[in-house]
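Notebook open, model loaded. I jotted things down as I looked them up.

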Amino acid sequence: MVKFDWHKEAERQWDDRAGMWSSKSKEMWDEGSRSTILPFLENHIPKGKVADLGCGDGYGSFRLWQEGYEVTGVDLSKDMIDKANDRVREQGLTFVQGDLTALPFEDDSFDSAMAVNSLEWTEIPSQGLNEMKRILKPGGRLCIALLGPTAMPRTNSYRRLFGEQVICNTMMPWELKKMAEETGWRSIAGQGVYKRGVEDSLLAGLEEELKQALTFMWVFIFEKE
């Protein structure tokens, strides 16, 4: 039996999705599910050298660069990186192909990092968190977004229940937080992204773990200890 190669399969699938993703990314960052991430990041992460880990077609990196950060975008998919380079070529904004569990950077290379819905696509997420920590300077901060329980893309991991090999390693927000704390991160802040229809009045007074249970996405700020 041929051994399943998670890395190659993930790269192939995201190469196949590059066109579809690129057609939707601008709307997601400007008006959709990712529109609140950069304001949240700016509240907790000062300007500096930042790695966008799982940058896709680079539009989120571009928006981060527009806010005054020096950005290096990284993605496993060569087709995504090609689209990122076609989209923008600006001083202080670069894109490289790389694996979140084996990043192509020296230790302590960045002041901060952003990883939006990318850690789920690693075979062993704790390795990804360790790599993110490795490339950050002491005290560096990570803005990381995780698919919440109500997010439709979580269906990419569904077939694992039948024993099939999948490349989406979904987890609950509390699991990510616990894993981060066990791998040398300190939790600074968090906020939810909700589907339309979840009103503030519904969330008022709920404990954080109950809010997380309603999310399309949960965004954390972690700090390297």
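Is strand 7 (residues 217-224) largely enclosed by the rest of the structure or left open? I checked, and 8 of its 8 residues are buried, so strand 7 is largely enclosed. My cut-off for buried is under 20% relative accessible area, with exposed over 50% and partly exposed in between (1.4 Å probe, protein chains only). Strands (E, at least two residues) and helices (H or I, at least four) are DSSP runs, numbered from the N terminus.

Ground rules: this is a predicted model, where local features need pLDDT of at least 70 and side-chain atom pairs count only at pLDDT 80 or more, while totals for chains, interfaces and linings use all residues. Residues are numbered from 1 along each chain as its sequence is written, and side-chain values use heavy atoms, leaving out hydrogens and water.

Next I looked at the faces of strand 7. M217, V219, I221 and E223 point one way, W218, F220, F222 and K224 the other, and all are buried.

Then the neighbours, where pairing takes at least two DSSP bridges between two strands. Strand 5 (residues 136-147) runs antiparallel to strand 7 over 7 bridges, and L147 sits opposite M217. Strand 6 (residues 185-193) is also antiparallel to strand 7, through 8 bridges; there R186 has E223 as its bridge partner.

Last, I checked L161. I found L161 in the loop between strand 5 and helix 6 (173-182), exposed at 59% relative accessible area.

For the overall tally, I noted 8 helices and 7 strands, with buried residues making up 48% of the 225.
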